[in-house]
Amino acid sequence: MWRLGATPLAELERDIDGITQKMLPEQLKELTDYGFVEKKSYEGYPLHVEYSLTDGMGTEILGALRIMQHIGIDYLKAIQGGEQSAELSCYYGGMTPPDKPHIYELHVYALDKMLDLERGFLLNELYREMDGHILGQYTLKGIYEN
């Protein structure tokens with residue numbers, strides 16, 4: 001789904017490990033409703049449907065996802081004995097539980113203003129600054145299994 005071009009539903013089902021045929025269309029509908037993804041249906045049999053990131057919000061969210069990817073790569077390097085960047089240490093302080101899956105959540109908020117926060121802000125400062133300015137929100141979840 002991180003592709004910029006249109007992708008058929010069947011290809012997404014193949015590429016996303018652990019997604020069910022029921023869950024994928026539900027998640028895609030929600031992403032479509034929020035404006036991150038657009039759906040295009042083609043006439044004919046069998047029915048052909050493609051999904052792609054929207055030019056606005058869909059491609060803009062890639063920046064946040066790339067930051068998360070960078071943090072994840074840094075995290076993996078850290079637990080595998082490599083160097084941990086200063087950026088990672090200010091975002092994440094815990095370790096993956098050794099005996100169970102670890103759930104990662106990305107909370108995406110649409111706000112009606114730019115936030116004025118200093119580098120190294122605390123979570124409660126973020127929530128206080130966002131209070132009363134949230135137009136919409138979405139949560140993406142991922143599971144890392146050891």
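Here are a few friendly notes on this structure, working from the model itself to one residue.

1. This is a predicted model, where local features need pLDDT of at least 70 and side-chain atom pairs count only at pLDDT 80 or more, while totals for chains, interfaces and linings use all residues. Residues are numbered from 1 along each chain as its sequence is written, and side-chain values use heavy atoms, with hydrogens and water left out.

2. Look at the sheet: three strands form an open sheet in the order β1-β3-β2, with antiparallel pairing. Strands are DSSP runs of E with at least two residues, numbered from the N terminus, and two of them pair if DSSP finds at least two bridges between them. Because β1 (7-8) and β2 (37-42) stand at the edges with a single partner strand each, one side of each has no neighbour in the sheet.

3. How many bridges join β1 to β3? Two do, and these strands run antiparallel. T7 has Y51 as its bridge partner in β3.

4. Now find E50, which lies in strand β3. E50 has no salt bridge, meaning a side-chain nitrogen of Lys or Arg within 4 Å of a carboxyl oxygen of Asp or Glu. The nearest side chain of opposite charge, K40, is 6.4 Å away.

5. Who surrounds E50? Beyond its neighbours within four places in sequence, E50 is in contact (heavy atoms within 4.5 Å) with residues including T7, P8, E38 and K40.

Conventions:
Helices (H or I, at least four residues) and strands (E, at least two) are DSSP runs, numbered from the N terminus. Buried means under 20% relative accessible area, exposed over 50%, partly exposed in between (1.4 Å probe, protein chains only). Lys and Arg count as positive and Asp and Glu as negative; His and the chain ends are not counted.
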